[in-house]
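Dear colleague,

Please read the notes with the model open beside them.

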Amino acid sequence: MDVEVKRASKSYHSSGGKAVEALSAIDLTISSGEFVCLLGPSGCGKSTLLKLIAGIETASSGAVICAGEVVVGPSTGRGFIFQDYSLFPWLTVRQNIAFGLQRGKGTKREKRELAEHYIRLFELEEAAGLYPKQLSGGMSQRVAIARALCLQPKLLLMDEPFAALDAMLRQKLQEELVRIWQRENATFVFVTHDVEEAIFLADRIIVMSPRPGAVSAIVPVQLPRP
Ligand code: ADP
Ligand code: ADP
């Protein structure tokens with residue numbers, strides 16, 4: 001799924017009534033099948049841009065177009081992974097992963113098999129009956145990624161999904177993510193403030209600068225795949 005962001009701006013109104021401009025006239029194109037990282041310091045508007053693409057937030061002006069359609073709200077074709085996992089605490093790992101499938105197409109059996117496929121892929125077999133509070137951070141993040149991928153989104157948006165993990169686990173999941181991307185034929189957009197993470201993951205790094213009037217710069221980088 002390709003993404004086009006056209007002159008998109010976003011202002012938030014704080015409780016004091018003052019407007020905070022989080023994004024200012026951003027132009028951006030992401031091609032179908034790309035793995036793009038949005039890189040920039042904290043507060044420069046990365047999360048906001050990702051939420052506009054997801055349809056979780058609405059642009060104050062300008063537009064976001066995904067696969068030729070103007071984004072007006074969230075959709076299952078666009079998966080979103082939050083930094084804090086956002087798992088359902090009252091559901092087991094298996095139920096969390098299968099949750100979004102309920103409303104989708106396919107038979108009960110097909111859905112169960114799809115959920116089991118992702119449980120195996122993320123080596124969550126032994127944890128499948130556990131509840132989120134019984135999981136480590138790395139496990140929780142695996143479940144969150146599996147839950148998103150289970151819906152087979154054409155576009156996967158990830159907001160610093162590995163920020164809470166220790167360095168070893170982070171590296172392992174980074175490697176898993178690249179393998180998944182190579183297999184799934186989807187567009188991945190990954191927000192990070194970690195330069196090394198962006199270089200390891202991305203086909204292309206989009207650098208966002210917090211300077212007024214120079215909010216965004218785009219730096220294409222050619223990386224050989226291992
Ligand atoms: P980043 O993801 O790069 O850290 P954000 O998109 O979270 O940046 O935030 C960009 C700016 O917008 C920051 O100044 C932040 O405080 C502000 N902001 C983000 N979300 C809100 C909100 N819901 N209400 C008010 N201000 C917000
Ligand atoms: P990030 O890790 O992307 O920098 P933040 O910690 O800035 O995220 O924001 C966490 C959440 O709080 C987000 O949903 C964001 O929209 C919201 N938020 C950020 N800044 C503000 C703010 N100044 N006022 C209200 N909500 C905010």
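**Ligand 2**

A polar side-chain atom of K51 lies 2.7 Å from an oxygen atom of ligand 2, where a polar contact is a pair of N or O atoms within 3.5 Å; within protein, one must be able to donate a hydrogen and the other to accept it, and residues adjacent in sequence count only if both atoms are side-chain atoms. Please keep in mind that this is a predicted model, in which local features need pLDDT of at least 70 and side-chain atom pairs count only at pLDDT 80 or more, while totals for chains, interfaces and linings use all residues. Residues are numbered from 1 along each chain as its sequence is written, chains are lettered from A and ligands numbered from 1 in the order in which they are written, and side-chain values use heavy atoms, with hydrogens and water left out.

Ligand 2 also has an oxygen atom 2.4 Å from a polar side-chain atom of S47, and an oxygen atom of ligand 2 is 3.2 Å from an N or O atom in the side chain of Q83. On its own ligand 2 has 550 Å² of accessible area, of which the protein covers 28% (Shrake-Rupley method, 1.4 Å probe; for residues, only the protein chains shown count as cover). The residues around ligand 2 are S42, S47, K51 and Q83, a residue being near a molecule or strand if one of its heavy atoms lies within 4 Å of it.

**Ligand 1**

The shell around ligand 1 consists of Y12, A22, P41, S42, G43, C44, G45, K46, S47 and T48. Helix α1 (residues 46–54) supplies the largest share of this shell, with three residues; helices (H or I, at least four residues) and strands (E, at least two) are DSSP runs, numbered from the N terminus. A polar side-chain atom of K46 lies 2.9 Å from an oxygen atom of ligand 1, whereas S47 approaches an oxygen atom of ligand 1 with a backbone N or O atom, at 2.8 Å. For G45, a polar backbone atom is 3.0 Å from an oxygen atom of the ligand. Taken alone, ligand 1 exposes 560 Å², and the protein buries 62% of that.

The largest pocket has a volume of about 530 Å³. Its lining has 21 residues, and T76, G79, F80, R147 and L151 are the closest to its centre. A pocket here is an open set of points on a 1 Å grid over the protein atoms alone, where a 1.4 Å probe fits, with protein on both sides within 12 Å along at least five of seven lines, and lining residues have an atom within 4 Å of a point; points are joined across faces, edges and corners, and a volume is the space filled by probe spheres set on them. Strand β6 gives the largest share of this lining, four residues.

About 400 Å³ of space lies in the second largest pocket, which is lined by 16 residues, with L101, G104, K105, L151 and Q152 nearest its centre. Helix α3 (residues 108–121) gives the most to that lining, with three residues.

The chain comprises six helices and ten strands. Its radius of gyration is 18 Å, close to the 17 Å that the globule rule gives for 226 residues, so the chain is as compact as a globular protein of that length (taken over C-alpha atoms, the rule being 2.2 Å times the number of residues to the power 0.38).

With best wishes
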